[in-house]
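Subject: Structure handover

Hello,

Here is the structure I said I would pass on. My notes on it follow below.

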Amino acid sequence: MKEEQPSSRRSFIKKLTTATAAVAAGSSLVAAESQAKSFSIIKRLVGNSPNDQVNIALIGAGGMGTQDTITALQTPGIKLVAACDLYDGRLKDAKTRWGADLYTTRVYKEILNRKDIDAVIVGTPDHWHQQISVDAMHAGKHVYCEKPMVHAISEGPAVIKAQKDTGMVFQVGSQGVSSLGNEKAHELLKAGAIGELNYAEGFWARRNPLEVWQYPIPEDASPETVDWETYISNTKKRPFDQKRFFRWRNYTDYGTGMAGDLFVHLFSSLHFITDSVGPNKIYASGGLRFWNDGREVPDVLLGTFDYPKTQAHPAFNLSLRCNFVDGTSGTTYLKLVGSEGSMDITWDKVTLKRNKVMDSDDPFYLDKLKKAGSGYAERKRMLPPEEITYDAEKGYKGGPYDHMVNFFTAIRNKGKVTEDAVFGYRAAAPALLCNDSYYNNSPMFWDPEKMQLIKK
Ligand SMILES: NC(=O)c1ccc[n+]([C@@H]2O[C@H](COP(=O)([O-])OP(=O)(O)OC[C@H]3O[C@@H](n4cnc5c(N)ncnc54)[C@H](O)[C@@H]3O)[C@@H](O)[C@H]2O)c1
């Protein structure tokens, strides 16, 4: 069957074959040798005046909230005014890190009532994202909310509505979306570098106890140092349980399992790169194989997702895997596969692999063929490179930095962010439905355009 050849794809192939011909002409190297290329500087950093100070506060001053704040403070013109957490140890740490005069509180509404705060970073466990984000936007604060945007499918529309009603900037924290690596992959896919997309896959391998959510519990953890009643006030009532507080990812009342924690990053990147709105069928399987530490979530999870054809892309399938008992450990990747090649994508690198066989529309080959007559086709040809690696320029500050810059630039310029509430919901929903599929032992159906669950 003859495949469509969009003009962008022709031009990518032309550029590639021209570059290959130039390499081949200048040296005797085989054309299949890999080439390294640098990304160009991103234009979006313009408009970020350091004179235009933005005052921020941190709500949920744990591991990621602290990291987000450190990154935010590396961008120009940002001042941290206050921090909120339900564990006193975190508030003490915040003062040690950022100064004794930092205002600290256990009550996030005190932060929202302050007039001198422009934006908040929400770094709480997942079950608090929706409520704090909605309250913050209604209090006139811009919000950087950690992923996944919501803890349950039912919570998404309220965040979208709050953003729409208040006009505040709201950005979800899947930093990869702002990275050079994702941007380059988007550009390459659009240019036809891998032909027609038909499959994507992502994988995490972990083994180390700290990486699989067996976090240390502070020695002073007690109902005196932890505001347990507030922590559980929007979910099931239980007596104080330090594991449920400090290892919240293992429990469904607070966390969203492997899918909400990890798959969501890949949905965000994938949707950005492909301009997709999401899958319409979601199926998961897995099990609890090893970490029998009281956790309610699986430690091996496989998800498969059907993406229907849209104007932006052909129909394709996605396979995501996460294994917390992987003896090899430490691997994460996102791969897109098309009819003519594949791309391995990270935040600062894209490795493009292409079919070995030269495309029939290579201008040099076609020209030679035309001039030489019919016998020429028997002759061996120069082949284009099999692999091209695009690396970010040295000194690149990375996706997390770019993501913060995009957030503050949107605040200063009254602009928009890519990973807004609609985008965040479309990334969170398939992850949450993956959990539903696992627990219900059945496929889940979703209308990604209307963002609605489909009952079959
Ligand atoms: N973007 C990323 O790469 C990335 C990486 C890690 C975590 N995260 C996300 O960041 C969030 C936090 O994860 P973490 O690893 O930092 O967890 P953490 O346990 O280290 O931090 C969470 C903090 O929130 C506090 N907290 C709980 N409920 C609160 C409330 N109602 N008000 C104020 N503070 C509250 C806790 O005391 C704790 O200090 C999660 O949603 C997680 O998915 C994102």
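Helices (H or I, at least four residues) and strands (E, at least two) are DSSP runs, numbered from the N terminus. With that naming, Asn441 falls in the loop between α13 (421-440) and β16 (444-447). Its phi is near 55 degrees, a positive value in a residue other than glycine.

The model is predicted: local features need pLDDT of at least 70 and side-chain atom pairs pLDDT 80 or more, while totals for chains, interfaces and linings use all residues. Residues are numbered from 1 along each chain as its sequence is written, and side-chain values use heavy atoms, without hydrogens or water.

Another loop, between β6 (142-145) and α6 (156-166), holds Pro148. A cis peptide bond links Lys147 to Pro148, with omega about -15 degrees.

Now the ligand. It is surrounded by 25 residues, counted when one of their heavy atoms lies within 4 Å of it. Met64, Asp85, Asp126, Lys147 and Trp248 are the closest. This shell consists of nine nonpolar, nine polar and seven charged residues; Asp, Glu, Lys and Arg count as charged, Ala, Val, Leu, Ile, Met, Phe, Trp, Tyr, Cys and Pro as nonpolar, and the others, Gly among them, as polar.

Domain 1 (54-175) and domain 2 (180-237 + 244-397 + 421-453) both contribute to the shell, so the ligand lies between them. The domain bounds come from an automatic or database assignment.

Polar contacts here are pairs of N or O atoms within 3.5 Å. Ligand oxygen atoms lie 2.5 Å from a polar side-chain atom of Asp85 and 2.7 Å from a side-chain N or O atom of Asp126.

Regards

How values were computed
Polar contact = N/O pair within 3.5 Å; in protein donor to acceptor, adjacent residues only side chain to side chain.
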